[in-house]
Amino acid sequence: MLLAMDVGNTNITLGAFDGDKLCFVSRLATERYRTCDQYAVELKQIFSLYGMDAAEPTDCIIGSVVPELTSALCGAVEKVSGVKPLVLSPGVRTGLNIKTDNPAEVGADLVAGAVAAVAQYEMPCLVLDLGTATKISVLDRTGAFCGCTIAAGVSISLDALASRTSQLPRISFKAPSHVIGKNTVDSMQSGTVFGVASMLDGMCDKIEAELGEPVQTVIATGGLSGDIAENCSRDVCRNPDLILQGLRIIYLKNRKN
């Protein structure tokens, strides 16, 4: 069994693979000051929740954009399963041609998502990663990573609205029934969900024009991709497990016989 861990700024997403079957997906809050032992306890509890033993994984890969947590999570995995994780970092084989000014600075989440997209979808392709930040990865007709765009994520925008204004409340994230809001909550939800969806549609148009050829596939992933992808004008394929799938592919490329 392979344990794949996607360590993001808001959540740590865990996926357990038995071959190519994803047995379960679980999420932990990213807490930068938690210790190795604390995460080890949570790993044991998560496996128990799904009726499994935390000692079952024989392999592990970690993709992290939170460097201060990587060591603690590696130690936690070793404590509960005895496995030393492979950490996705420069020098790890991915098979991805990265055409940026500094390939080493491309985040592990973007790399893993791109690897999975190349393996499963028609190119050229755009990967919309809707998490703490809203990111669009651009893959050309050959599957090369051309670059990306990064904007403030939905949660950051909602937090800013509530904290920087006197009368706007904190709200739940969902699409309202109408674009024109008749009350404060509906108005904020409209601006957030429909506004981000429209921004993504517009950015996809601009990226497509810059590529000089039609984009064949647009994929949405990340914890906030559901409502937004449904309200894009473009045909968007939602794959919430894209990064975990990419981590699995990368692990297989680096596994010793």
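Val 7 has Ser 64, in strand E4, as its bridge partner, and the strands concerned, E1 and E4, pair in the parallel sense over six bridges; two strands count as paired if DSSP finds at least two bridges between them. Strands here (E, at least two residues) and helices (H or I, at least four) are DSSP runs, numbered from the N terminus. The model is a predicted one, in which local features need pLDDT of at least 70 and side-chain atom pairs count only at pLDDT 80 or more, while totals for chains, interfaces and linings use all residues. Residues are numbered from 1 along each chain as its sequence is written, and side-chain values use heavy atoms, with hydrogens and water left out.

Strand E4 also pairs in the parallel sense with strand E5 (residues 86-87), over two bridges, and there Ile 61 stands opposite Leu 86. Six of the six residues of E4 are buried, where buried means under 20% relative accessible area, exposed over 50% and partly exposed in between (1.4 Å probe, protein chains only). Asp 59, Ile 61 and Gly 63 cover one side of this account of E4, and Cys 60, Ile 62 and Ser 64 the other, all of them buried.A further sheet is open and consists of five strands in the order E8-E7-E6-E9-E10, with mixed pairing. Its edge strands, E8 (145-152) and E10 (237-238), each pair on one side only. Within this sheet, E6 and strand E9 (residues 217-221) run parallel and are joined by five bridges, and Asp 129 has Thr 221, in E9, as its bridge partner. Helix H5 (residues 184-211) lies across E6, strand E7 (133-139) and E8, running at about 25° to E7; such angles run from 0 to 180 degrees between N-to-C directions, with axes fitted to C-alpha atoms, for helices over the stretch in contact.

The largest nonpolar core has 30 residues, and Leu 88, Val 111 and Leu 139 are among those with the most contacts inside it. A nonpolar core is a set of buried Ala, Val, Leu, Ile, Met, Phe, Trp, Tyr and Cys residues joined through side-chain atoms within 4.5 Å. Strand E1 (2-7), helix H3 (108-120), strand E6 (125-130) and helix H7 (242-254) each give two or more residues to this core, and the largest share, eight residues, comes from H3. A second, separate core of 25 residues includes Phe 24, Phe 47, Leu 69 and Val 77.

A search of the whole structure finds two aromatic pairs, which are set out below.

| Pair | Distance between ring centres | Angle between planes | Type |
|---|---|---|---|
| Phe 24 and Phe 47 | 5.4 Å | 85° | edge-to-face |
| Phe 24 and Tyr 50 | 4.3 Å | 5° | stacked |

Rings of Phe, Tyr and Trp (its six-membered ring) pair if their centres lie within 6.5 Å, and planes under 30 degrees apart count as stacked, over 60 as edge-to-face and the rest as tilted. Phe 24 lies in strand E3 (residues 21-29) and Tyr 50 in the loop between H1 and strand E4 (59-64), so their pair ties together parts that are 26 residues apart in sequence. Phe 24, Phe 47 and Tyr 50 form one aromatic cluster. Phe 24 counts as buried at 4% relative accessibility, whereas Tyr 50 is partly exposed, with a relative accessible area of 37%.

The chain averages a pLDDT of 91, and 96% of the residues score at least 70; pLDDT is the predictor's confidence in each residue, from 0 to 100. Confidence is lowest in helix H4 (residues 154-164), at a mean of 75, and highest in H3, at 97.

Note on methods: Contact = heavy atoms within 4.5 Å.
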